[in-house]
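Biologist: Hey, I'm new to this one. Can you put it on screen and walk me through it?

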Amino acid sequence: MPEIVISGTGLYTPPDSISNEELVSAYNDYVAHYNVQHAGAISAGKTTALQPSSEEFIEKASGIKSRYVINKSGILDPNRLAPLLPERPNKAQSIQCEIAVAAAREAMQQAGKRAQDIGAVIVAASNMQRPYPAIAVEIQDALGINGFGFDMNVACSSATFGIQNARDAVFAGSAGAVLILNPEICSGHLNFRDRDSHFIFGDVCTALVVESVETAKARELFAIEDCRLQTVFSNNIRNNFGFLNRGDESGVGAPDKLFIQEGRKVFKEVCPAVAEQILDQLSARDLPPSSLRRLWLHQANLNMNQLIARRVLGRPASDEDAPIILDEYANTSSAGSIIAFHKHRGDLTSGDRGVLCSFGAGYSIGSIVLRKV
Ligand code: CO8
């Protein structure tokens, strides 16, 4: 049985970045204005005054220092606090298609693949900008790829679940090579008026090429040795936006139609489950944790990653053990661990192993053992 490999990765980073200082300043302007506007109700005890946000809190609680976004001006406008993304005509490329094509070109170039070498396109992301036609089919058309494409969503674990789907498709022979794309425009579903979460997410797109080692031409290949996926239902990370919203006007525009979470509970429940899954997976393959060169972890929170890496490795993890990109990119949902893999794998040598791991809403956990060929 030939090995299935990751033969290329790509990354599209939007040109605009927002620092914590800029984000907090816009949020605090909004808060000051809100409190003045509602001064009467606040002093009468009918409304609670909003509390300002703080850069110190954000960096200490999450490790995030900045985030890239598709549109900066709308997010930083205190009267708007949402990206300004005018609708495009149907004949124009959608935004998700545009950023995915940019990331795809880099991944395909790295893998040495032309459009005719790809048999399937999987768009795996937390949010699709429309239900249909699938974004994957639009991307297929933009790149001139035949075969088939589909969209899938497992929130932050979309990319790792996509890798298992791609590996299975190549293994079964339903596609020669598969292009996986993670166009994560998280600013579209982030509530920039919510002090608890306004700092969490950023926008980005990552891409991967998965194929058989027999067709692979790239200089650098990573064999997918094992995929382990797990989902357990939880309401602690939720978004009730959906096509049935118009069936009840009272809920339209309510905060639960954007990202909401119980951050503390997520932290407590998810960290041990992730470490346990990785340790079980390694043990089933007789791989001691000390044999791992790298952990490319989901990038939601620095403290979370340090805790998981320490539990897996049995010692505090260095930046080399478990690289961090969330300081610059924030949480980019399913793309986070792929960005870490894209940027931090060049120093591995043949035979080195690492684990690529996602965790998030669902709950969902996806861990993939990779070996440099
Ligand atoms: N500025 C200042 N103070 C603040 C702020 C702020 N912005 N926000 C909260 N505080 C205050 C609180 O009021 C609280 O005050 P007090 O102690 O007086 O009550 C204090 O700070 C502590 O608040 P928390 O307990 O909430 O803070 P934590 O230390 O728990 O940190 C985090 C909050 C950073 C959210 C942390 O809990 C965390 O990272 N948890 C894990 C979250 C996580 O990984 N979630 C995964 C979600 S991602 C995912 O699955 C993808 C979903 C799809 C994405 C779609 C795109 C949007």
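Biologist: Where does proline 133 lie?

Modeller: Proline 133 sits in the loop between strand 4 (120-124) and helix 6 (135-143). Keep in mind that this is a predicted model.

Biologist: And what is the peptide bond from tyrosine 132 to proline 133 like, cis or trans?

Modeller: That bond is cis, with omega near -5°. Another cis peptide bond joins glycine 362 and tyrosine 363, where omega is about -10°. Tyrosine 363 is in the loop between strand 12 and strand 13.

Biologist: OK, on to the ligand. Which residues come nearest to the ligand?

Modeller: There are 26 residues around the ligand, and the nearest are Cys156, Gln261, Arg264, Asn301 and Ala361.

Biologist: What do glutamine 261 and arginine 264 do there, in terms of distances?

Modeller: Glutamine 261 has a polar side-chain atom 2.8 Å from a nitrogen atom of the ligand. For arginine 264, an N or O atom in the side chain is 2.7 Å from an oxygen atom of the ligand.

Biologist: How much of the ligand does the protein bury?

Modeller: The protein buries 75% of the 1,200 Å² that the ligand exposes when taken alone.

Biologist: Which helix gives the most to the shell around the ligand?

Modeller: Helix 8 does, with three residues. Helix 8 covers 263-284, and both it and helix 3 (55-62) supply at least two residues of the shell.

Biologist: How many nonpolar, polar and charged residues are in that shell?

Modeller: By class, the shell has 11 nonpolar residues, 12 polar ones and three charged ones.

Biologist: Switching topic: which residues touch the most other members in the largest nonpolar core?

Modeller: Those are Val274, Ile278, Leu295, Val312, Val355, Cys357 and Phe359, in a core of 49 residues. At least two residues of this core come from each of helix 1 (20-37), helix 8, strand 11 (292-297), helix 9 (302-313), strand 12 (353-360) and strand 13 (364-372). There's also a second, separate core of 36 residues, and Ile4, Met152, Val178 and Leu208 are among them.

Biologist: Zoom in on one of them for me. What does leucine 295 touch?

Modeller: Setting aside residues up to four places away in sequence, leucine 295 touches Ala309, Val312, Leu313, Asp321, Ala322, Pro323 and Val355.

Biologist: Why does aspartate 286 count as exposed?

Modeller: Because its relative accessibility is 69%, and exposed means over 50%.

Biologist: And serine 333, buried or exposed?

Modeller: Serine 333 is buried, with a relative accessible area of 3%. Its phi is positive too, near 50°, and serine 333 lies in the loop between helix 10 (326-329) and helix 11 (336-343).

Biologist: One more spot: where is glutamate 320?

Modeller: Glutamate 320 is in the loop between helix 9 and helix 10. With a relative accessible area of 48%, glutamate 320 is partly exposed.

Biologist: Which residues is glutamate 320 in contact with, leaving aside its neighbours within four places in sequence?

Modeller: Glutamate 320 is in contact with Arg293, Arg294 and Asp347, with those neighbours left aside. A polar contact of 3.4 Å joins the side chains of glutamate 320 and arginine 293.

Biologist: Last one, then. What does serine 19 touch, not counting residues up to four places away in sequence?

Modeller: On that count, serine 19 touches Lys65, Ser66 and Arg67. Serine 19 lies in strand 2 (residues 16-19) and counts as partly exposed, at 24% relative accessibility.

Note on methods: Residues numbered from 1 in each chain as written. Predicted model: local features only at pLDDT ≥ 70, side-chain atom pairs only at ≥ 80, totals over all residues. Heavy atoms only, no water. Near = heavy atom within 4 Å. Polar contact = N/O pair within 3.5 Å; in protein donor to acceptor, adjacent residues only side chain to side chain. Areas by Shrake-Rupley, 256 points an atom, 1.4 Å probe, with all protein chains shown as cover. Helix = DSSP H or I, 4+ residues; strand = E, 2+ residues; numbered from the N terminus. Nonpolar A, V, L, I, M, F, W, Y, C, P; charged D, E, K, R; others polar. Core = buried A, V, L, I, M, F, W, Y, C linked by side-chain atoms within 4.5 Å. Buried < 20%, exposed > 50% of the residue type's maximum accessible area, 1.4 Å probe, protein only. Contact = heavy atoms within 4.5 Å.
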